[in-house]
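I opened this notebook to keep track of what I looked up, one entry per topic.

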Amino acid sequence: QNKNQSFLILGDLNMTTSSSPFQDFYRKLDSDFYSQDFFLQGTWPSFLPEYFSLPIDHVLSNRNFEMKIGLAAGSDHKSILVRIDGASILGEKKGNR
């Protein structure tokens with residue numbers, strides 16, 4: 001990986017952070033910013049309360065970002081809204097938080 005090149009990986013990785021495959025992947029990636037470091041809310045299945053659901057949807061990047069969990073919108077996963085380096089989250093007016 002080129003440290004000067006930006007990357008963003010997000011989506012359903014079908015594994016929690018405690019799984020061995022995820023730990024191996026994360027170690028090799030050497031990501032500076034990771035969603036689960038500050039946000040351990042489950043996203044699957046969407047019909048269960050967050051304390052019963054699993055955090056198998058992830059956001060990894062070497063750029064600073066903010067995120068929040070949204071509605072399921074017809075999926076069995078809750079949506080993840082991401083703001084990278086101050087860009088607007090979909091549906092929000094610039095300057096609002």
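**Entry 1: Ser 53.** I began with burial: at 8% relative accessibility, Ser 53 counts as buried. I use buried for under 20% relative accessible area, exposed for over 50%, and partly exposed for in between, with a 1.4 Å probe and protein chains only. The model is predicted, so local features need pLDDT of at least 70 and side-chain atom pairs count only at pLDDT 80 or more, while totals for chains, interfaces and linings use all residues. Residues are numbered from 1 along each chain as its sequence is written, and side-chain values use heavy atoms, with hydrogens and water left out.

I then looked up the place of Ser 53, which is in the loop between helix H2 (35-38) and strand E3 (57-61). Helices (H or I, at least four residues) and strands (E, at least two) are DSSP runs, numbered from the N terminus. The side chain of Ser 53 reaches the backbone oxygen of Gly 42 at 3.3 Å. Leaving out residues up to four places away in sequence, I listed what Ser 53 touches: Gly 42, Thr 43, Trp 44, Pro 45 and Lys 78. Contact here means heavy atoms within 4.5 Å.

**Entry 2: Pro 45.** Pro 45 is also found in the loop between H2 and E3. I checked the peptide bond from Trp 44 to Pro 45 and noted that it is cis, with omega near -10°.

**Entry 3: strand E3.** How many of the residues of E3 are buried? I noted five of five, and E3 is mostly covered. In a regular strand the side chains alternate between the two faces of the sheet. Two strands pair if DSSP finds at least two bridges between them. Leu 8 stands opposite Ser 61 in E3.

**Entry 4: aromatic rings.** A search of the whole structure gave me three aromatic pairs. In one, Phe 22 and Tyr 26 are stacked, at 6.0 Å centre to centre and 10° between the planes. Rings of Phe, Tyr and Trp (its six-membered ring) pair if their centres lie within 6.5 Å; planes under 30 degrees apart count as stacked, over 60 as edge-to-face and the rest as tilted. Phe 22 and Tyr 26 are separated by about one helical turn, because they are four residues apart in helix H1 (residues 20-29). Phe 22 counts as buried at 1% relative accessibility, whereas Tyr 26 counts as partly exposed at 22%. I also noted that Phe 22, Phe 25 and Tyr 26 form one aromatic cluster.

Entry 5: Leu 71 lies in the loop between strand E4 (65-69) and strand E5 (80-84). Leu 71 counts as exposed, at 71% relative accessibility. Not counting residues up to four places away in sequence, Leu 71 touches Lys 78 and Ser 79. I took the C-alpha to C-alpha distance from Leu 71 to Leu 81, ten residues apart in sequence, as 9.8 Å. Ala 73 is found in the loop between E4 and E5, and Ala 73 is exposed, with a relative accessible area of 75%. Its phi is near 55°, a positive value in a residue other than glycine.

**Entry 6: Asn 14.** Asn 14 lies in the loop between E1 and H1. Phi of Asn 14 is near 55°, a positive value in a residue other than glycine.

Technical notes
A polar contact is a pair of N or O atoms within 3.5 Å; within protein, one must be able to donate a hydrogen and the other to accept it, and residues adjacent in sequence count only if both atoms are side-chain atoms.
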